[in-house]
Amino acid sequence: MAEVTMLWQSTARTDKGKVRKRNEDAVLDLPERGLWVVADGMGGHQNGALASRLIIEEMLELPDQLSLDERLLGVRDCLYRVNRLLGHDITVTADRPDSIMGSTVVILLAEGERAICVWAGDSRCYLWRSGRLFQLSRDHCLMQELMEEQQMSAEEAASHPSARALTRAVGANDQLMLDVVDFTVYPGDTLLLCSDGLYQDVSRAAIGDALALESTGHAVQRLFKEALDGPARDNISAVVVRP
């Protein structure tokens, strides 16, 4: 295992919001292992909560005394395994109206100055660097496809009645496709993992203002104040990470 040259600080929080009866999101915050996860379950009733929790429980079983590349392989294998499990449950319960069981996921792995983001779905990873906010992940949803494949503007694509429909998620298809971004982290960087319940109600400017605060705890507190001051129609989850 390569020598760790950065001491990571992080803060995580999740909330059911103002409308939903239960929280189907789940988060994992393990700065000592360089591992952070946000999973946003879907399926209604308890199915979404079970799906997101299964991802977290599987991630907790991953060995940490490995290189970053080996840990990435472990994360991939873990998500493929969960995808198979959830796909089996969908087949078994297909006659029930609430049979869908799946979850988006966004994962951050870090070791030294190197970090890797892995995701499926529309939970996001942001990077705040030198006063600018960058979205490192790309949403796996119909709106994104409409913009890329049919050259629609963001406003046109957002007006589609199924704009937020997911095109990828753990448990959604027999074959899970994951996207990966490998990048270098510098002192002063701040990273945010979040579910769509946060960024749907909090503007990019407000996200940037929160990530510019001195501590990860204050950043999370500001993000949740912004989200909960709004309609908060969905569950809200965020993990703020800083070297």
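## Arg71 and its surroundings

The side chain of Arg71 gets to within polar reach of the backbone oxygen of Arg33, with 2.6 Å between them in this predicted model. Arg71 itself is found in helix H2. With a relative accessible area of 6%, Arg71 falls under the 20% cut-off, so the residue counts as buried.

What does Arg71 touch, leaving out residues up to four places away in sequence? The list takes in Arg33, Gly34 and Leu35, then Pro63, Asp64 and Leu66, and finally Leu109, Ala110 and Glu111. Leu35 sits 36 residues from Arg71 along the chain, and the C-alpha atoms of the two are 9.7 Å apart.

## Asn83, also in H2

Staying with helix H2, which covers residues 68-92, we come to Asn83. Is Asn83 buried or exposed? It's buried, because its relative accessibility is 3% and the cut-off is 20%.

Setting aside residues up to four places away in sequence, Asn83 has contacts with Ala169, Val170, Gly171, Ala172, Asn173, Asp174, Gln175 and Leu176.

## Cysteines without bridges

How many disulfides turn up in a search of the whole structure? The count is zero. Take Cys117, which is in no disulfide: the nearest cysteine sulfur belongs to Cys125 and is 4.0 Å away. A disulfide needs the two sulfur atoms within 2.5 Å, so that 4.0 Å separation rules the pair out.

Cys117 has 0% relative accessibility, so this residue counts as buried. Cys78 is buried as well, again with a relative accessibility of 0%.

## Around the rings

Over the face of Tyr199 lies Arg124, at 3.6 Å from the ring centre.

Averaged over the protein chain, pLDDT comes out at 89, and 83% of the residues reach 70 or more. The stretch to watch is residues 90-98, where pLDDT is below 50. Beyond near neighbours in sequence, residues 90-98 have ten contacts in the model.

Conventions
Residues numbered from 1 in each chain as written. Predicted model: local features only at pLDDT ≥ 70, side-chain atom pairs only at ≥ 80, totals over all residues. Heavy atoms only, no water. pLDDT = per-residue confidence, 0-100. Contact = heavy atoms within 4.5 Å. Helix = DSSP H or I, 4+ residues; strand = E, 2+ residues; numbered from the N terminus. Buried < 20%, exposed > 50% of the residue type's maximum accessible area, 1.4 Å probe, protein only. Polar contact = N/O pair within 3.5 Å; in protein donor to acceptor, adjacent residues only side chain to side chain. Lys NZ or Arg CZ within 6 Å of the ring centre and 35° of its normal.
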